[in-house]
Amino acid sequence: MIEQLKKPDGFILACLDDNFNWQKEWQKLDDCSLRCVDSGVIQVKPDADSFEGVVISCGIHGNETAPIEIVSQLISKIIKGELKPKINLLFILGNPASMKINQRFVSLNMNRLFSGAHTNYTKDAENTYELERAENLEKCVKVFYEKQSLSSRLHLDLHTAIRPSFHKTFAIRPHTDHLFLPGSKFLLRCLGIEAVLQHNKPSTTFSYYSVSQLNAEAYTLELGKVKPFGENDPDDFSLAINCLEALVEQKNLLEVELPDSKPLKNYEVVGEIIKQSENFILHLGKDVENFTPFPPDFVIAEDSDYVYRVGETEESVVFPNPDVPVGQRVAVMVKTV
Ligand SMILES: [Zn+2]
């Protein structure tokens, strides 16, 4: 296993190889030990004791290639001894089956299946893979934090967005009662994040699972735009890469180069637009960017007996997608805090 993973894209290739023999026993490296927990899930334990555990997941949507390449590169650097981990790490390549077919998912959007949402479906031949995968990934993260009694818990779920965004990079902070501390804001800035969207209620994302069930600090990070494998420019992601490497080696983040001194822009959710019937109309252009602001009173959407109109202050639209089935979310409306 080790030889294959040493290659920069070794982790990707290993996950795509049906015949690859995942080894679940610990393998000793120079400064740490490494083992495969499940297909696409690799655990790293530093030689020196650490109570810190960081989960770095990617590819929950299989076509989001840049994060998959970033994680693969981190693993190969650890195996080659170029990175010396000082903390416990769990690397997750979320959806190998959808990576293989170069799609966002096989049959279900996996980032709607966590926090137990995978139990809301009746399994059939088509949807079984993602339902079981979400359940397995929940278990992997839970066992990682709890079995080693890790008291400091961070989970970064890396994504790239389908549509362009007014903020090139942003984080979604799941609903939580915990304060958003300056150290956390600084970490996100170091990762190259421009804006944070604070979610106002429970959801079924992977990051919300870690926050709500495992008491971890967790974020969904949108690091840029989706591109095919091999077409990503590492320079576009250099801040995130440098910061993740510093995290792995537990280096002082103050030494990580920041893009500028601009503070994080904070947004909160003010409303959700749900498609209630087939008569639904979204009054936004097809190519509207995430976080595009709209003035007060602007009519965003209309349905049989429903209108969404912007309130008294400017609101921005995030994740607009009118092509969802009736009953599902078409867009989230946010405003700056
Ligand atoms: Zn995604």
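The following legends describe close-up views of a predicted model.

**View 1. Helix H7 and the elements around it.** Helix H7 comprises residues 206-214. Its buried residues are Phe206, Ser207, Tyr208, Tyr209, Ser210 and Val211. Asparagine 215 follows the helix and has a positive phi, near 60 degrees.

**View 2. Strand S9 and its pairing partners.** Of the nine residues of strand S9, eight are buried, so this strand is largely enclosed by the rest of the structure. Strand S9 pairs with strand S6 in the parallel sense, over seven bridges. Within this pairing, leucine 158 stands opposite leucine 221 of S9. Strand S9 also pairs with strand S7 (residues 170-173), here in the antiparallel sense and over three bridges. Leucine 221 of S9 is the bridge partner of alanine 171.

View 3. The phi of serine 149 is near 50 degrees, a positive value in a residue other than glycine. Serine 149 counts as exposed because it has 8 C-beta neighbours inside 10 Å, where the cut-off for an exposed residue is 12 or fewer.

**View 4. The open sheet of strands S11, S13 and S14.** Three strands form an open sheet in the order S11-S13-S14, with antiparallel pairing. Its edge strands are S11 (281-282) and S14 (306-309), each of which pairs on one side only. Strand S11 pairs with strand S13 (residues 299-303) in the antiparallel sense over two bridges. In this pairing, leucine 282 stands opposite alanine 301 of S13. In a regular strand, side chains alternate between the two faces of the sheet.

View 5. Aspartate 297 is placed in the loop between strand S12 (292-294) and strand S13. Although aspartate 297 is not a glycine, its phi is positive, at about 75 degrees. Aspartate 297 is exposed, because 9 other C-beta atoms lie within 10 Å.

Methods:
Residues numbered from 1 in each chain as written. Predicted model: local features only at pLDDT ≥ 70, side-chain atom pairs only at ≥ 80, totals over all residues. Pairing = 2+ DSSP bridges. Helix = DSSP H or I, 4+ residues; strand = E, 2+ residues; numbered from the N terminus. Buried ≥ 20, exposed ≤ 12 C-beta atoms within 10 Å, placed from the backbone.
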